[in-house]
Amino acid sequence: KTSTTGNLPTSTAHWNTFAAGSGGIWSGSLSLGSASQQLRVNSDATALEFYTPAAVTSDYVKLVSTDFSNVSSMSLDGYYSSTYDNYRAVISNFYASSGADVHFSFRAGNSQITDSNYQSRVGRITSASGMDASGQDGAKYRLWYGGSGNSAVRSQLTIDIYNPLATSQRQLMSYRGGTWTSGNVLYHFFGSVTHTTQQAHSGFTLDNFSSGYGTLKLYGIK
């Protein structure tokens, strides 16, 4: 019937749209459904109904995003967990006042690993026809050209870190990216870094530059 009481529908047509007997959500008084439910049109497209959506999950989750300004090093620590097997760090719009190569090192127990047990292999394309390939063993690892203080010359880099909490294997990361040098030369670089000890890691450090700027984001990957 038509009702004019309170906030009830004043039209029979409107009442039927919401009436419980029509598969709607109205049952004499307004029903709000249950916590976290959503409202949708039913499968027959004849009325509205509440429903509980499937849990929203993602295999690729941003854990942290931080901007850094005028720093000489950048560390991420304490974001690894058993929830994710692998991690991806994205470093964007990086530039620094120094022209030295940026160094990468692993961290364990919230401390930088600065011993001589690193091994790295790197490729760097510096022209349309030339590629440099090199290896380095020792303390830390030179990652990419750090720039020369020109904010228009910025580095973009992705670092993948695999199973950092594993204790029965060597830790490994791989990376790729690009930058311009002060001489206006495009560099594309890629490589892998490992540490020979078998221990869980807690993060990583980037250093060997001065007055560095940019954004660092870390994602967990299941």
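A salt bridge is a side-chain nitrogen of Lys or Arg within 4 Å of a carboxyl oxygen of Asp or Glu. The views below show a predicted model, in which local features need pLDDT of at least 70 and side-chain atom pairs count only at pLDDT 80 or more, while totals for chains, interfaces and linings use all residues. Residues are numbered from 1 along each chain as its sequence is written, and side-chain values use heavy atoms, with hydrogens and water left out.

**View A. Arg88 and Asp160 form a salt bridge.** The N to O distance is 2.6 Å. Arg88 belongs to strand 4 (residues 86–95) and Asp160 to strand 10 (residues 155–162), so the pair ties together parts 72 residues apart in sequence; helices (H or I, at least four residues) and strands (E, at least two) are DSSP runs, numbered from the N terminus. Asp160 is buried at 8% relative accessibility, whereas Arg88, at 22%, is partly exposed. Buried means under 20% relative accessible area, exposed over 50%, and partly exposed in between (1.4 Å probe, protein chains only).

**View B. Asp160 also forms a salt bridge with Arg176.** Here the closest N and O atoms are 3.5 Å apart. Arg176 lies in strand 11 (residues 171–180) and Asp160 in strand 10, so this pair ties together parts that are 16 residues apart in sequence. Arg176 is partly exposed, at 40% relative accessibility. Through shared partners, salt bridges join Arg88, Asp160 and Arg176 into one network.

**View C. Asp77 pairs with Arg107 in a salt bridge.** Their closest N and O atoms are 2.5 Å apart. The pair links distant parts of the chain, with Asp77 in strand 3 (residues 60–77) and Arg107 in strand 5 (residues 101–108), 30 residues apart. Asp77 is partly exposed, with a relative accessible area of 21%, and Arg107 is buried, at 12%. The structure holds three salt bridges.

**View D. Ile159 lies in the largest nonpolar core.** Such a core is a set of buried Ala, Val, Leu, Ile, Met, Phe, Trp, Tyr and Cys residues joined through side-chain atoms within 4.5 Å. Of its 34 residues, Leu143, Ile159 and Phe204 touch the most other members. Strand 13 (residues 203–221) gives the most to this core, with five residues. Leaving aside residues up to four places away in sequence, the contacts of Ile159 (heavy atoms within 4.5 Å) include Arg88, Phe104, Leu143 and Met173.

View E. Mean pLDDT (the predictor's confidence in each residue, from 0 to 100) is 81 for the protein chain, and 80% of its residues reach 70 or more.
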